[in-house]
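Welcome, and please open your viewer.

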Amino acid sequence: MKKTFALLLAAVMMLALLTACGGGDKPADTTPPADTSAPADTGSDAAEPEEPAAGGNIGVCIYKFDDAFMTTYRNALQEILEGKGYQVTVVDGNNDQAKQNEQINTFITQGVDALIINPVMTSAADTIIATVKSAGIPTVLINREPTADQMAAYDKLVYVGCDAAQSGTFQGELILDTPNKGDINGDGKVSYIMIQGDPENIDAQLRTEYSVKALKDAGVEVEQLNLTRGDWDREKGQTICANDLAQFGDKIEVVFCNNDDMAIGALQAIQSAGRKVNEDIYLVGVDALDAALNEVSNGNMTGTVLNDANGQAAGAVAEMEKLLGGATYASGEQSVYVDYVKVTPDNVGDFMK
């Protein structure tokens with residue numbers, strides 16, 4: 001009996017030992033575990049998703065490509081945007097507001113993420129603002145400023161530019177800084193002609209007003225001999241100045257031009273008439289184009305006013321990125337200004353490339 005019990009106990013112990021030795025280890029001995037890290041072992045990045053562009057697609061509308069200042073501006077704008085990784089399309093409005101309106105609508109249909117618009121006409125601001133607001137497109141207006149009331153209609157809208165009144169004031173101060181404060185013939189007053197840009201443009205209006213206002217505020221008597229629209233164009237500047245020189249001759253002491261392109265044209269007329277800038281006539285412009293800087297350096301222009309295209313382009317992109325990040329603008333706080341700078345023969349070297 002004891003022998004039988006001993007044999008049964010031995011059998012039970014053997015069975016338990018075999019079970020313990022084989023339990024739970026079979027997968028490790030017979031089948032490799034599933035490879036859950038295969039992508040890291042491939043040695044290839046092909047499966048990795050590409051990083052999206054910095055902010056998507058940006059549409060840029062320029063009022064016309066053959067404007068010298070806006071050429072500098074749009075090139076700076078495109079370089080900054082593309083350097084940040086945006087997909088950029090820049091279109092030429094050809095100075096045609098109806099065409100620009102179509103371009104804006106096309107951009108909206110294409111689903112751009114933001115718009116930067118240099119309006120052909122400031123009087124079209126209401127239509128432009130209503131269009132971008134309806135589409136919900138964050139928009140930066142540049143170079144031509146609508147009124148605060150117009151911009152208040154849309155809180156995803158901001159204007160980036162310069163205070164045109166400041167540029168006009170600086171032009172007047174350039175004349176006040178001359179030895180005779182512009183009164184070359186000593187008759188007690190400054191007789192001038194004004195070559196204006198587009199009179200519908202607020203920049204042209206303010207430059208025209210404040211250049212002369214600076215003289216008046218300094219107690220200088222002024223006499224306007226003529227004011228003519230030159231549409232920012234060099235050839236028109238030359239023609240207008242030539243006609244005025246033929247009509248008024250030596251009575252003209254100062255030629256105010258709303259931009260440098262018209263001033264360069266005026267200089268050609270002045271030289272053709274045998275006049276000498278800074279001796280028997282003064283000439284000032286705005287923008288600090290390379291051609292104008294050269295003429296200031298050479299003594300052929302009294303001065304110009306830097307309209308900082310690069311600074312404005314950088315500011316426009318910065319404000320656009322705020323809008324893309326969800327920022328909105330309260331009424332009365334929708335204009336961001338970059339300062340103008342007076343350029344004279346004394347400091348012109350600081351601005352020449």
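**Stop 1: salt bridges**

Start with the charged side chains, because the structure holds 14 salt bridges, a salt bridge being a side-chain nitrogen of Lys or Arg within 4 Å of a carboxyl oxygen of Asp or Glu. Before you click, a word on what you are looking at: this is a predicted model, in which local features need pLDDT of at least 70, side-chain atom pairs count only at pLDDT 80 or more, and totals for chains, interfaces and linings use all residues. Residues are numbered from 1 along each chain as its sequence is written, and side-chain values use heavy atoms, with hydrogens and water left out.

Select glutamate 173 and lysine 342. They form a salt bridge whose closest N and O atoms are 2.8 Å apart. Glutamate 173 belongs to helix α8 (residues 164-176) and lysine 342 to strand β12 (residues 341-343), so this pair ties together parts that are 169 residues apart in sequence. Helices (H or I, at least four residues) and strands (E, at least two) are DSSP runs, numbered from the N terminus. Glutamate 173 is partly exposed at 26% relative accessibility, and lysine 342 is partly exposed with a relative accessible area of 26%. Here buried means under 20% relative accessible area, exposed over 50%, and partly exposed in between (1.4 Å probe, protein chains only).

Next, select arginine 275. Its side chain meets that of aspartate 250 in a salt bridge (3.7 Å, N to O). Aspartate 250 sits in the loop between α10 and β8 (254-257) and arginine 275 in the loop between α11 and β9 (282-284), 25 residues apart. Arginine 275 also forms a salt bridge with aspartate 280, where the closest N and O atoms are 3.3 Å apart. Which of these residues are buried and which exposed? Arginine 275 counts as buried at 11% relative accessibility, aspartate 250 counts as exposed at 62%, and aspartate 280 is partly exposed with a relative accessible area of 28%.

**Stop 2: a buried charge**

Now select glutamate 145, in the loop between β4 (139-142) and α7 (148-151). Glutamate 145 is buried yet has no salt bridge. How far away is the nearest side chain of opposite charge? That side chain belongs to arginine 207, 10 Å away; Lys and Arg count as positive and Asp and Glu as negative, while His and the chain ends are not counted.

Show the side chains of serine 335 and tyrosine 337 as well. The glutamate 145 side chain makes a polar contact with the side chain of serine 335 (2.8 Å) and another with that of tyrosine 337 (2.7 Å). A polar contact is a pair of N or O atoms within 3.5 Å; within protein, one must be able to donate a hydrogen and the other to accept it, and residues adjacent in sequence count only if both atoms are side-chain atoms.

**Stop 3: the nonpolar core**

Colour Leu77, Leu81, Val255 and Leu283. Of the 57 residues in the largest nonpolar core, these four touch the most other members. Such a core is a set of buried Ala, Val, Leu, Ile, Met, Phe, Trp, Tyr and Cys residues joined through side-chain atoms within 4.5 Å. Helix α11 (residues 260-272) gives the most to this core, with seven residues. Another core, of 20 residues, lies apart from it and includes Val222, Val254, Tyr282 and Val305.

Stay with leucine 81: leaving aside neighbours within four places in sequence, its contacts (heavy atoms within 4.5 Å) are Ile58, Val60, Tyr86, Val88, Ile116, Val317 and Met320.

**Stop 4: a glycine in a strand**

Select glycine 59 in strand β1 (residues 57-62). Glycine 59 counts as buried, at 0% relative accessibility. Its C-alpha atom is separated by 6.1 Å from that of valine 88, 29 residues apart along the chain.

**Stop 5: positive phi angles**

Most residues other than glycine have a negative phi. Tryptophan 232, in the loop between β7 (222-229) and α10 (234-248), has a positive phi of about 70°. Tryptophan 232 is buried, with a relative accessible area of 11%. Asparagine 94 has a phi near 55° and is partly exposed, with a relative accessible area of 44%.

**Last stop: zoom out**

Show the whole protein chain, with its 13 helices and twelve strands. Of its 353 residues, 45% count as buried.
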